[in-house]
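Open the model in your viewer and keep the selection panel at hand. The tour goes from the whole chain to single pairs of side chains.

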Amino acid sequence: MSDERATPLLAVSDVTLRFGGVLALDSVSFEIQRGQIVGLIGPNGAGKTSFFNCVSRLYQPSSGSITFDGLELMRLKRHHVIRLGIARTFQNVALFPRMTVLDNVLVGDHANIASDTFASALRLGRARTAERAAHERALVALDVVGLRSQASAYCAMLPFPVQKRVELARALVSHPRLLLLDEPAGGLTHTDLRDLSELIRRIHDAFDLTVLLVEHHMNLVMSISDHVVVLSFGRKIAEGSPDEVRANPAVIEAYLGAGTAGAAA
């Protein structure tokens with residue numbers, strides 16, 4: 001157990017990503033230990049979401065290595081990532097508006113429903129068992145985000161902060177080991193932000209998760225993160241504890257003129 005804990009869950013080594021002549025990520029390297037909440041911050045255009053897209057296999061880096069629990073992700077297809085235990089949310093809520101909350105959450109569990117097409121079509125025992133288990137996992141995820149009572153509501157009718165919680169539940173239903181949160185505070189009020197901070201902590205504890213958080217709201221990141229990594233123009237310019245990063249001259253310089261006060265509000 002001690003050896004496992006000493007090995008990083010996610011190890012990023014010299015990851016470079018190019019879009020034609022644009023260098024989105026420039027030799028980025030860092031590690032995430034099991035059980036940590038890690039904040040990934042930087043001004044607009046720093047490469048944060050591009051990095052997320054590399055981990056979830058939406059983008060293929062030009063060079064470098066990303067290993068998850070010792071397994072090289074760059075050799076895997078996109079649909080294999082969730083089976084390893086990596087789930088994510090997106091900057092823009094990506095729900096199915098004409099489906100219920102419960103059905104949207106069940107979409108996130110498709111990799112765990114182990115029944116073949118023929119059995120599902122005939123409603124055989126194995127298919128029914130898998131369906132019941134998936135239904136229960138979805139309800140547990142909704143309990144954690146406080147939405148079981150709205151399981152039958154249609155997502156199109158829900159306010160934006162609630163839709164954000166539905167997306168979180170959908171990411172949690174597969175019981176990931178690493179949760180990637182991409183701008184979860186976007187579009188939320190100050191009250192919503194306080195609730196979100198408590199929710200992330202609750203999710204982290206309830207699911208024994210490792211969390212990588214991309215966020216512009218500095219107070220949120222600094223209040224819940226164990227470790228913070230800072231990108232600027234695709235390069236890592238600092239990492240360390242929230243206090244170390246907050247006082248780092250390179251970080252202060254990167255945020256000058258970038259609306260730091262607004263981001264920290």
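How many helices and strands are there in the protein chain? Colour the predicted model by secondary structure: the protein chain has 12 helices and 10 strands. Next, show the surface. The accessible surface of the protein chain comes to about 12,700 Å², and carbon and sulfur atoms hold 54% of that area. Of the 265 residues, 49% count as buried. If you display contacts with a separation of 6 or more, 69% of them are between residues 24 or more positions apart.

**First stop: a hairpin**

Select residues 10-19, which form strand β1, together with strand β2, residues 22-32. The two strands run antiparallel and are joined by seven bridges. Pick Val12 to find a facing pair: Phe30 in β2 stands opposite Val12. Then go to the turn. Two residues lie between the strands of this hairpin, and Gly20 takes a positive phi near 65° there.

**Second stop: from β2 to β10**

Stay on strand β2 and select Asp26. Asp26 forms a salt bridge with Arg235, with the closest N and O atoms 3.7 Å apart. Arg235 belongs to strand β10 (residues 235-240), so the pair, 209 residues apart, links distant parts of the chain. Asp26 is partly exposed, because its relative accessible area of 24% lies between the limits of 20% and 50%.

Select Lys236 and Glu239. Their side chains meet in a salt bridge, at 2.6 Å from N to O. Both ends are partly exposed: Lys236 has a relative accessible area of 32%, and Glu239 is at 33% relative accessibility.

Which residue forms a salt bridge with Asp69, the closest N and O atoms being 2.8 Å apart? It is Arg177. Asp69 lies in the loop between β4 (63-68) and β5 (71-72), while Arg177 lies in the loop between α7 (160-172) and β7 (178-182). The two residues are 108 residues apart, and their pair links distant parts of the chain. Asp69 counts as partly exposed at 34% relative accessibility, and Arg177 also counts as partly exposed, at 33%.

Side chains of opposite charge can pair when their charged atoms come close. To finish, display every such pair with a nitrogen within 4 Å of a carboxyl oxygen: the count comes to nine salt bridges.

How values were computed:
Residues numbered from 1 in each chain as written. Predicted model: local features only at pLDDT ≥ 70, side-chain atom pairs only at ≥ 80, totals over all residues. Heavy atoms only, no water. Helix = DSSP H or I, 4+ residues; strand = E, 2+ residues; numbered from the N terminus. Buried < 20%, exposed > 50% of the residue type's maximum accessible area, 1.4 Å probe, protein only. Pairing = 2+ DSSP bridges. Contact = heavy atoms within 4.5 Å. Areas by Shrake-Rupley, 256 points an atom, 1.4 Å probe, with all protein chains shown as cover.
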